[in-house]
Amino acid sequence: MPTMIWSQEMSVGVAILDEDHKKLIAMINELHEAMQHGRSKEVFADILGRLSAYTVEHFGREEDFLAETGYPSLDLHHRVHEKLKADVAAIRRKFDEGVDAALQIDTLQFLQDWLQNHILQTDKRYVAHLNAHDIR
Ligand SMILES: [Fe+2]
Ligand SMILES: [Fe+2]
């Protein structure tokens, strides 16, 4: 499984949100590295906890921009964020019960795919809207 790399095609045209996405990618890569080095479940759970907290913070920041500019698809975007929060909470509960290699790989794959697809498909849709409201 390759590590994730932020690329210009992932840019959402708003500097602070691009920075958030880069931080989230860095945390997913931290998880990847912990897995490769066979780190303890505590280390894994700790990274997952930080990733989860930062995700909530990022979603809030993104939704605030969308709300203050009257983004028409805010509702849908919000629901997609909420679904991910619930999924991550479920994953963290599983990790509390015990960590095995399959769960680590599944989690990593899920997070990588989710973030990549979300940025490229869902986040990318607000670029023109926010830029038109002078948010960049
Ligand atoms: Fe988003
Ligand atoms: Fe985002």
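A residue is called buried here if 20 or more other C-beta atoms lie within 10 Å of its own, exposed if 12 or fewer do, and partly exposed in between. By that criterion, 20% of the 136 residues of the chain count as buried. The model is a predicted one, and the chain averages a pLDDT of 96, with 100% of the residues scoring at least 70. Among the elements of the chain, the mean pLDDT is lowest in helix 3, at 95, and highest in helix 5, at 98.

The secondary structure comes to 5 helices and 0 strands, so that, read from the N terminus on, the order of elements is α-α-α-α-α. Along its principal axes the C-alpha trace spans about 45 × 25 × 20 Å. The radius of gyration of the chain is 16 Å, which agrees with the value near 14 Å that a compact globule of 136 residues would have. Among contacts between residues at least 6 apart in sequence, 72% join residues at least 24 apart.

With 22 residues, helix 1 reaches 31 Å from its first C-alpha to its last, close to the 32 Å expected at 1.5 Å a residue. Its buried residues are Leu 17, Leu 24, Ile 25, Met 27, Ile 28, Leu 31 and His 32. Because these residues cover an arc of only 155° around the axis, they fall on the same side of helix 1. On the other side of helix 1, Ala 15, Glu 19, Glu 33 and Gln 36 are exposed. The buried residues of helix 1 pack against helix 2 and helix 4, and helix 1 is followed by Gly 38, whose phi is positive, near 60°.

In soluble globular proteins, nonpolar side chains tend to be buried together. The largest nonpolar core in this chain has 13 residues, and those with the most contacts inside it are Leu 24, Met 27, Ile 28, Leu 31, Ile 47, Leu 51 and Leu 115. At least two residues of this core are supplied by each of helix 1 (15-36), helix 2 (41-68) and helix 4 (101-122), and the largest share, 6 residues, comes from helix 1. Leaving aside residues up to four places away in sequence, Ile 47 touches Met 27, Glu 30, Leu 31 and Ala 34.

Apart from this core lies another, of 5 residues, among them Phe 65, Tyr 71, Tyr 126 and Leu 130. Not counting residues up to four places away in sequence, Tyr 71 touches Leu 66, Tyr 126 and His 129. Tyr 71 and Leu 130 are 59 residues apart in sequence, yet their C-alpha atoms are 8.3 Å apart in space.

Just after helix 3, Gly 98 takes a positive phi of about 150°.

Ala 102 lies in helix 4 and counts as exposed because it has 8 C-beta neighbours inside 10 Å; Ala 102 and Arg 39 are 63 residues apart in sequence and 15 Å apart in space, C-alpha to C-alpha. Gln 112 is also found in helix 4, but is partly exposed, since it has 19 C-beta neighbours inside 10 Å. From C-alpha to C-alpha, Gln 112 and Ile 25 are 8.0 Å apart in space, although 87 residues separate them in sequence. Leaving aside neighbours within four places in sequence, Gln 112 is in contact with Met 4 and Ile 28.

Most residues other than glycine have a negative phi. Asp 134 has a positive phi of about 60° although it is not a glycine. With 7 other C-beta atoms within 10 Å, Asp 134 is exposed.

How values were computed
Residues numbered from 1 in each chain as written. Chains lettered and ligands numbered in written order. Predicted model: local features only at pLDDT ≥ 70, side-chain atom pairs only at ≥ 80, totals over all residues. Core = buried A, V, L, I, M, F, W, Y, C linked by C-beta atoms within 7 Å. Helix = DSSP H or I, 4+ residues; strand = E, 2+ residues; numbered from the N terminus. Contact = placed C-beta atoms within 7 Å. Expected span 1.5 Å × (residues − 1). Arc of directions from axis to C-beta. Rg over C-alpha atoms; globule rule 2.2 N^0.38 Å. pLDDT = per-residue confidence, 0-100.
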